[in-house]
Amino acid sequence: MHKKVFTEVEIDRIIEMAWEDRTTFDAITFQFGISEQQTIEIMRREMKLSSFKLWRKRVQGRVSKHAKLRVNTFGRFKSRLQRQITQNKISKR
């Protein structure tokens, strides 16, 4: 199995998704085709050691990062500030 090469923008997005509490590793896998372990490797490689340790401590055993452990009460989060998409047009506030 060869390693996937990501652009700087994609790496930034992977890191952003990994930091988000409600984004599961499954979502990262779906979007970028990498496993949880590969996500951890990217985080370890791209972040300062102290930031990586803080992140690992934060996500270790966190139910919301693992879809199979999640309770359906989480649902999908959507910010009130996020724009609505209706009939392929972005509505204005």
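Is Phe 6 buried or exposed? At 16% relative accessibility, Phe 6 counts as buried, where buried means under 20% relative accessible area and exposed over 50%, with partly exposed in between (1.4 Å probe, protein chains only).

Hi everyone, a word about the model before we go on. This is a predicted model, in which local features need pLDDT of at least 70 and side-chain atom pairs count only at pLDDT 80 or more, while totals for chains, interfaces and linings use all residues. Residues are numbered from 1 along each chain as its sequence is written, and side-chain values use heavy atoms, leaving out hydrogens and water.

Now the overall layout. The protein has 4 helices and 2 strands; these are DSSP runs, helices being H or I with at least four residues and strands E with at least two, numbered from the N terminus. Starting at the N terminus, the order is α-α-α-α-β-β. Of the 93 residues in the protein, 26% are buried.

Let's go back to the rings. There are 3 aromatic pairs in the structure. Rings of Phe, Tyr and Trp (its six-membered ring) pair if their centres lie within 6.5 Å, and planes under 30 degrees apart count as stacked, over 60 as edge-to-face and the rest as tilted. Phe 6 and Phe 32 have ring centres 6.0 Å apart and planes at 80 degrees, so this pair is edge-to-face. Phe 6 sits in the segment before α1 (8-19) and Phe 32 in helix α2 (residues 25-32), so the pair ties together parts 26 residues apart in sequence. Phe 32 is buried too, at 7% relative accessibility.

Next come Phe 25 and Trp 55: with centres 6.4 Å apart and planes at 85 degrees, the pair is edge-to-face. Phe 25 belongs to helix α2 and Trp 55 to helix α4 (residues 49-59), 30 residues apart. Phe 25 is buried at 3% relative accessibility, and Trp 55 is buried at 0%. Ring pairs also join Phe 25, Phe 52 and Trp 55 into a cluster.

Finally, how do α1 and α2 pack? Their angle is about 160 degrees and their axes lie 9 Å apart; axes are lines fitted to C-alpha atoms, for helices over the stretch in contact, and angles run from 0 to 180 degrees between N-to-C directions. The two helices are therefore roughly antiparallel (under 35 degrees is roughly parallel, over 145 roughly antiparallel, 65 to 115 roughly perpendicular, and the rest oblique). Residues in this contact (heavy atoms within 4.5 Å) include Ile 14 and Met 17 of α1 and Ile 28 and Phe 32 of α2.
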